[in-house]
Amino acid sequence: MQKTFYLVTTLIEMSECVSDSHTLCTTIEKAEKAFKEEIRTSRENFFGRSGEFLIDIWGCQEWRTEDGYGYTVSIEEIEPK
């Protein structure tokens, strides 16, 4: 039986800066917790700025300002081969 892992990815785009991070989790519960925390900390970068959600579903959230800056956080299921 293969073990399934979950990769939480974050992309933050601000002005001239692009930042990304990846967190490998061993359970879906840990991935969901990491997902929520990444969203919380990503939103802090845009405190006080208006924007809208382009995607807001389980496992993926993308939020952007009017000038196109924002963040994307997602969970990806990985099965090693």
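Which charged end sits over the ring of Trp63? The charged end of Arg43 does, 4.5 Å from the ring centre; a charge sits over a ring if NZ of Lys or CZ of Arg is within 6 Å of the ring centre and within 35 degrees of the ring normal. Before going further, note that this is a predicted model in which local features need pLDDT of at least 70, side-chain atom pairs count only at pLDDT 80 or more, and totals for chains, interfaces and linings use all residues. Residues are numbered from 1 along each chain as its sequence is written, and side-chain values use heavy atoms, with hydrogens and water left out.

The protein chain has 1 helix and 5 strands, in the order β-β-α-β-β-β along the sequence. Helices (H or I, at least four residues) and strands (E, at least two) are DSSP runs, numbered from the N terminus. Along the principal axes, the C-alpha atoms fill a box of roughly 45 × 20 × 20 Å. Of the 81 residues, 35% count as buried, where buried means under 20% relative accessible area, exposed over 50%, and partly exposed in between (1.4 Å probe, protein chains only).

Two strands pair if DSSP finds at least two bridges between them. E3 and E4 run antiparallel and are joined by 6 bridges, with Phe53 as the bridge partner of Trp63. The two strands form a hairpin with 2 residues between them, and Gly59 in the turn has a positive phi of about 85°. E4 also pairs with E5 in the antiparallel sense, over 5 bridges, and here Gln61 stands opposite Val73. This second hairpin has 4 residues between its strands, and Gly68 in the turn has a positive phi of about 90°.

Next come the aromatic rings. Rings of Phe, Tyr and Trp (its six-membered ring) pair if their centres lie within 6.5 Å; planes under 30 degrees apart count as stacked, over 60 as edge-to-face and the rest as tilted. The whole structure holds 2 such pairs. The rings of Phe46 and Trp63 have centres 5.4 Å apart and planes at 55°, so this pair is tilted. Phe46 lies in the loop between H1 and strand E3, and Trp63 in strand E4, so the pair ties together parts that are 17 residues apart in sequence. The other pair, Trp63 and Tyr71, is stacked, at 6.0 Å centre to centre and 20° between the planes.

The last topic is the nonpolar core, a set of buried Ala, Val, Leu, Ile, Met, Phe, Trp, Tyr and Cys residues joined through side-chain atoms within 4.5 Å. The largest has 13 residues, and Val8, Cys25, Ala31, Tyr71, Val73 and Ile75 touch the most other members. Strand E1 (5–14), helix H1 (28–44) and strand E5 (70–78) are the elements that give two or more residues to this core, and H1 gives the most, with 4 residues. Beyond its neighbours within four places in sequence, Val8 is in contact (heavy atoms within 4.5 Å) with residues including Cys25, Ala31, Phe35, Val73 and Ile75.
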